[in-house]
Amino acid sequence: MNRSYQLFIDGKWVDSVSGETFNSFNPATGEVNDIVAEGRADDIDLAVKAARKAFESGPWHEMSPSDRGRLLNKVAQELWRKADDLAEIESRGNGLPIKETKFIAIPAMIDVLEFYAGLANKVQGETLASPSDRFNFTLKEPLGVIGAIVPWNFPLMLTMWKLAPALAAGNTIVIKPAEQTPVSILEMVKIFQEAGIPDGVINVVPGYGSEAGNALSSHPDVNKIAFTGSTNTGKLIMQAASKNLKPVSLELGGKSPNIIFDDANIENAVNGSMFGIYFGQGQVCASGSRMFVQDSVYDQFMDEFIKKAKNIKVGNPLDQTTQMGPQVSLQQLERIEQYVATGLEEGAHLALGGERCKTNENGYFFTPTIFENVTSDMTIAKEEIFGPVLSVIRFKDEEDALKKANDTVYGLASGVWTENLKRVHRMAKGLKAGTVYVNTFSMLDSVAPFGGTKQSGFGRELGIQAIDMYTETKSVWVNLNDEHFNWYG
Ligand code: NAP
Ligand code: MG
């Protein structure tokens with residue numbers, strides 16, 4: 001049976017102003033999961049007004065930082081209690097295998113909330129060096145109303161990356177989920193509400209990007225936009241945000257290099273690189289989708305890699321043994337097929353997969369796919385596919401690897417597999433990316449800043465640093481002289 005969801009504005013569940021709704025699909029079956037109220041510009045405006053009011057006055061405004069932290073910890077406790085339910089809702093909504101939501105995405109998401117709950121009463125300014133007749137200090141203040149625009153690949157986790165530091169620092173927020181996956185976020189917000197988050201502090205307006213998303217990013221009373229999604233949409237958001245010069249943080253796409261040297265532990269490199277590309281069906285912004293393998297170890301490495309990739313179990317995301325679920329939507333599935341066709345046309349060798357998964361006709365399932373003989377000028381080496389499609393490129397030596405790895409407009413993540421310590425440090429400096437993984441890939445931790453360079457965006461989420469993205473430094477001058485100097489006589 002389909003469930004219906006409303007918008008969440010000012011602590012209340014409401015229909016959209018237009019009364020319109022849209023369908024949210026189950027990617028494993030292609031059937032309608034839920035019916036969701038469709039927010040547009042009018043609804044965004046109501047949500048921003050509620051968030052403004054909650055920011056400027058009322059219980060949230062008055063709450064001490066310690067109490068804010070305590071409240072966020074209380075929410076985290078509730079989230080742990082309901083973690084299995086949330087994992088299932090997330091997997092139903094976007095097709096992630098339950099093993100990945102239950103053991104990775106949901107625990108990581110709650111850990112982020114706990115991390116920032118602990119920071120709530122550690123957001124502080126500084127006393128500055130000043131002469132004896134003056135006192136200079138800084139206040140570290142919340143920005144105000146935050147707009148968060150999030151994608152469908154890890155809806156809960158990527159929302160929490162924004163929500164937790166924003167609230168810890170005392171802001172209020174309006175969230176625009178991806179049209180494919182609004183439901184898990186609405187369910188999570190219920191838990192915040194039940195734990196006692198004051199009305200208007202969190203507002204969720206599902207809807208389409210071109211309408212609700214655009215209204216949020218161009219809204220004159222929003223103080224910052226935090227976005228995760230595609231590079232193209234990131235550019236549109238930056239333009240829209242320029243209307244009132246609100247700052248933006250953009251966590252965009254990638255085509256991350258993963259480099260296997262001949263002195264690597266091959267078994268580890270095979271296992272880690274497979275996780276790097278097939279985790280989340282390849283719908284991971286940091287996925288290691290360009291794999292560089294050194295000539296001298298190429299055949300041995302690729303034999304083992306292909307043998308293992310062949311055995312990945314694609315199937316029902318709610319089955320505990322499933323290793324890869326469906327792609328999120330028919331549109332994404334068709335996009336991936338198009339890239340495979342382009343790869344073949346441009347002369348790459350299809351070593352594995354490349355087609356829809358035959359055992360599941362109605363869902364959006366795709367086979368683990370590997371292209372060999374890829375060159376850096378091919379489309380499948382340049383563009384983000386966002387699916388389980390790996391492009392493999394050979395290299396000669398360290399210099400060749402670095403040159404090829406950095407030959408991209410993106411700069412989100414990168415990986416190096418080697419037992420040579422000096423090479424580790426040379427590569428860590430040489431790779432142009434926000435993250436360098438050494439002898440691992442696609443790892444995340446609340447303590448470790450995450451973000452990109454070049455067209456993968458800017459700003460760092462997670463870690464203590466992310467508080468800076470949700471606060472402003474105010475510089476205060478206090479004159480301690482009894483008289484002010486008389487400059488004009
Ligand atoms: P997208 O358009 O970037 O979607 C991300 C979010 O932005 C969604 O909430 C989307 O709403 C919203 N949005 C879209 N247009 C907007 C606009 N003009 N103004 C404000 N917000 C807007 O990504 P997508 O279309 O779902 O996926 C396309 C490709 O993006 C993927 O194939 C992949 O390459 C990349 N992608 C990257 C990430 C990442 O983590 N870096 C995540 C998802 C997708 P709607 O849901 O209504 O479109
Ligand atoms: Mg879209």
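**Entry 1: helix 14**

I count two residues as in contact when heavy atoms lie within 4.5 Å. The model I am reading is predicted.

I looked up what the buried residues of helix 14 pack against, and I noted strand 12 (257-260), strand 13 (290-294), strand 16 (389-395) and helix 15 (421-430). Which residues of helix 14 are the buried ones? Helix 14 covers residues 398-405, and its buried residues are Glu398, Asp400, Ala401 and Ala405. They sit on the same side of helix 14, because they cover an arc of only 165 degrees around the axis. I wrote down the general rule beside this: an α-helix has 3.6 residues a turn, so residues three or four places apart point the same way. On the face of helix 14 turned away from the buried side I found the exposed residues Glu399 and Lys403.

**Entry 2: ligand 1**

I then listed what surrounds ligand 1. There are 30 residues around ligand 1, and those that come nearest are Trp152, Glu179, Gly209, Ser230 and Arg335.

From an oxygen atom of ligand 1 to an N or O atom in the side chain of Glu179 I read 2.5 Å. From an oxygen atom of ligand 1 to an N or O atom in the side chain of Glu384 the distance is 2.8 Å. A nitrogen atom of ligand 1 lies 3.1 Å from a polar backbone atom of Leu252. How much of ligand 1 does the protein bury? Ligand 1 taken alone exposes 850 Å², and the protein buries 90% of that.

**Entry 3: aromatic pairs**

I searched the whole structure for aromatic pairs and got twelve. I looked at two of them.

Planes under 30 degrees apart would count as stacked and over 60 as edge-to-face. Phe8 is buried, with a relative accessible area of 4%. Trp13 is partly exposed, at 27%.

The other is Phe154 with Phe279. Is this pair stacked or edge-to-face? The ring centres are 5.7 Å apart and the planes are at 25 degrees, so the pair is stacked. Phe154 lies in the loop between strand 7 (145-149) and helix 6 (155-168), and Phe279 in the loop between helix 10 (266-278) and strand 13, so the pair ties together parts that are 125 residues apart in sequence. Phe154 is buried, with a relative accessible area of 6%. Phe279 is buried too, at 8%. I also noted that Phe154, Phe275 and Phe279 form one aromatic cluster.

I looked up Ser273 and found it in helix 10. Its relative accessibility is 1%, so Ser273 counts as buried. What does its side chain join? A polar contact of 2.8 Å links the side chains of Ser273 and Asn258. Beyond neighbours within four places in sequence, Ser273 is in contact with Asn258, Ile260, Met291, Phe301, Phe305 and Trp417.

Gly288 is in the loop between helix 10 and strand 13. Its relative accessibility is 2%, so I put Gly288 down as buried. Not counting residues up to four places away in sequence, Gly288 touches Ser256, Asn258, Gly276, Ile277, Leu390 and Phe441. I checked Phe192 as well: it is 96 residues from Gly288 along the chain, and their C-alpha atoms are separated by 35 Å.

**Entry 4: Thr138**

Where is Thr138? I found it in strand 6, residues 134-142. At 13% relative accessibility Thr138 counts as buried, since the limit for buried is under 20%. Its side chain reaches the backbone nitrogen of Glu126 at 2.7 Å. Leaving aside neighbours within four places in sequence, I listed the contacts of Thr138 as Gly125, Glu126, Leu128, Thr473, Lys474 and Ser475.

**Entry 5: Ser329**

Last I looked up Ser329, in the loop between helix 11 (298-310) and helix 12 (330-345). Ser329 is buried, with a relative accessible area of 11%. How far is Ser329 from Asn232? The two are 97 residues apart in sequence and 19 Å apart in space, C-alpha to C-alpha.

Terms used:
Residues numbered from 1 in each chain as written. Chains lettered and ligands numbered in written order. Predicted model: local features only at pLDDT ≥ 70, side-chain atom pairs only at ≥ 80, totals over all residues. Heavy atoms only, no water. Buried < 20%, exposed > 50% of the residue type's maximum accessible area, 1.4 Å probe, protein only. Helix = DSSP H or I, 4+ residues; strand = E, 2+ residues; numbered from the N terminus. Arc of directions from axis to C-beta. Near = heavy atom within 4 Å. Polar contact = N/O pair within 3.5 Å; in protein donor to acceptor, adjacent residues only side chain to side chain. Areas by Shrake-Rupley, 256 points an atom, 1.4 Å probe, with all protein chains shown as cover. Phe/Tyr/Trp six-rings, centres within 6.5 Å; stacked < 30°, edge-to-face > 60°.
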